[in-house]
Amino acid sequence: WTLFLLERKVSAVEPVMLEVVKFYPDYQFVVSTVKWLPKKLYDDILRGYDVKCALSQTYPLVLNAEAAIVTSGTATLETAILGTRQVVCYKTSGVSYQIAKAVAKDTIKYISLVNLVLDKPAVTELIQHDLTVEKLHDEVEKLLHDKATKERISDDYSALLQRLGGRGASARAAEIVRNCAKNGTSNIVK
């Protein structure tokens with residue numbers, strides 16, 4: 001059994017995300033590393049945790065994972081398109097968070113591209129102070145063991161794929177995100 005920690009920048013791997021590892025001794029946790037960052041950087045952050053690294057293996061790891069703990073960004077959309085259940089985690093400095101909240105001014109309801117495109121909380125977002133070991137553990141438990149959660153996410157991912165469509169999906173996704181930033185809603189794609 002594999003659980004995947006997916007992040008685009010190594011600093012995004014929060015200690016809270018790593019603390020969840022101890023609850024799942026029967027699962028293998030893996031981080032996909034990037035070649036432009038030194039292995040030692042990953043080794044230092046992951047020291048003391050039973051987490052493996054795999055160089056530039058994001059898509060194969062996500063495809064084979066039971067669930068993923070993902071930081072916000074395009075990774076959330078990629079994970080959904082690949083069909084892997086996920087919980088989205090994001091934490092930044094207090095100042096950056098307050099600035100982002102002020103800029104968004106309650107017009108942007110979600111940070112995950114999955115939720116932005118669907119205009120609903122299809123995947124759980126644990127942001128800033130909501131990102132605790134207890135809450136993350138609860139969400140991972142649902143992803144792994146709760147039949148209703150699994151079915152709901154599967155249905156939401158199907159709706160996401162339908163909404164994005166085939167050719168031109170990137171342009172439609174960008175249009176949805178632009179509209180959400182401008183109007184606070186993503187209801188523009190038929």
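**Close-up views of the predicted model**

**Figure 1. Aromatic pairs of the model.** The structure contains 2 aromatic pairs. Rings of Phe, Tyr and Trp (its six-membered ring) are paired if their centres lie within 6.5 Å; planes under 30 degrees apart count as stacked, over 60 as edge-to-face and the rest as tilted. Tyr-24 also pairs with Phe-29 in a tilted arrangement, with 6.3 Å from centre to centre and 50° between the planes. Through these ring pairs, Tyr-24, Tyr-27 and Phe-29 are linked into a cluster. Tyr-24 is buried at a relative accessible area of 4%, and Tyr-27 counts as buried at 15%. Phe-29 is buried, as is Tyr-24. Buried means under 20% relative accessible area, exposed over 50% and partly exposed in between (1.4 Å probe, protein chains only).

The model is predicted: local features need pLDDT of at least 70 and side-chain atom pairs count only at pLDDT 80 or more, whereas totals for chains, interfaces and linings use all residues. Residues are numbered from 1 along each chain as its sequence is written, and side-chain values use heavy atoms, with hydrogens and water left out.

**Figure 2. Polar contacts of Ser-32.** Ser-32 belongs to strand E2 (residues 28-33) and is buried, with a relative accessible area of 4%. Its side chain forms a polar contact of 2.9 Å with the side chain of Thr-58. A polar atom of the Ser-32 side chain also lies 3.2 Å from the backbone nitrogen of Gln-57. A polar contact is a pair of N or O atoms within 3.5 Å; within protein, one must be able to donate a hydrogen and the other to accept it, and residues adjacent in sequence count only if both atoms are side-chain atoms.

**Figure 3. Packing of helix H4 with helix H8.** Helix H4 (residues 74-81) packs with helix H8 (residues 147-164) at an angle of about 105°, and their axes are 9 Å apart. Axes are lines fitted to C-alpha atoms, for helices over the stretch in contact, and angles run from 0 to 180 degrees between N-to-C directions. H4 and H8 are therefore roughly perpendicular (65 to 115 degrees; under 35 is roughly parallel, over 145 roughly antiparallel and the rest oblique). Leu-77, Thr-79, Ala-80 and Ile-81 of H4 are in contact (heavy atoms within 4.5 Å) with Tyr-157, Leu-160, Leu-161 and Leu-164 of H8. By class, this contact of H4 with H8 has 7 nonpolar, 1 polar and no charged residues. Ala, Val, Leu, Ile, Met, Phe, Trp, Tyr, Cys and Pro count as nonpolar, Asp, Glu, Lys and Arg as charged, and the others, Gly among them, as polar. Buried residues in H4 include Leu-77, Thr-79 and Ala-80. Just after H4, Gly-83 adopts a positive phi of about 85°.

**Figure 4. Packing of helix H7 with helix H8.** The axes of H7 (residues 133-145) and H8 come within 6 Å and cross at roughly 80°. This makes H7 roughly perpendicular to H8. Lys-142, Leu-143, Leu-144 and His-145 of H7 make the contact with Lys-147, Thr-149, Lys-150 and Ile-153 of H8. By class, the contact of H7 with H8 has 3 nonpolar, 2 polar and 3 charged residues.

**Figure 5. The protein chain as a whole.** The secondary structure comprises 9 helices and 6 strands; helices (H or I, at least four residues) and strands (E, at least two) are DSSP runs numbered from the N terminus. Of the 190 residues in the protein chain, 45% are buried.
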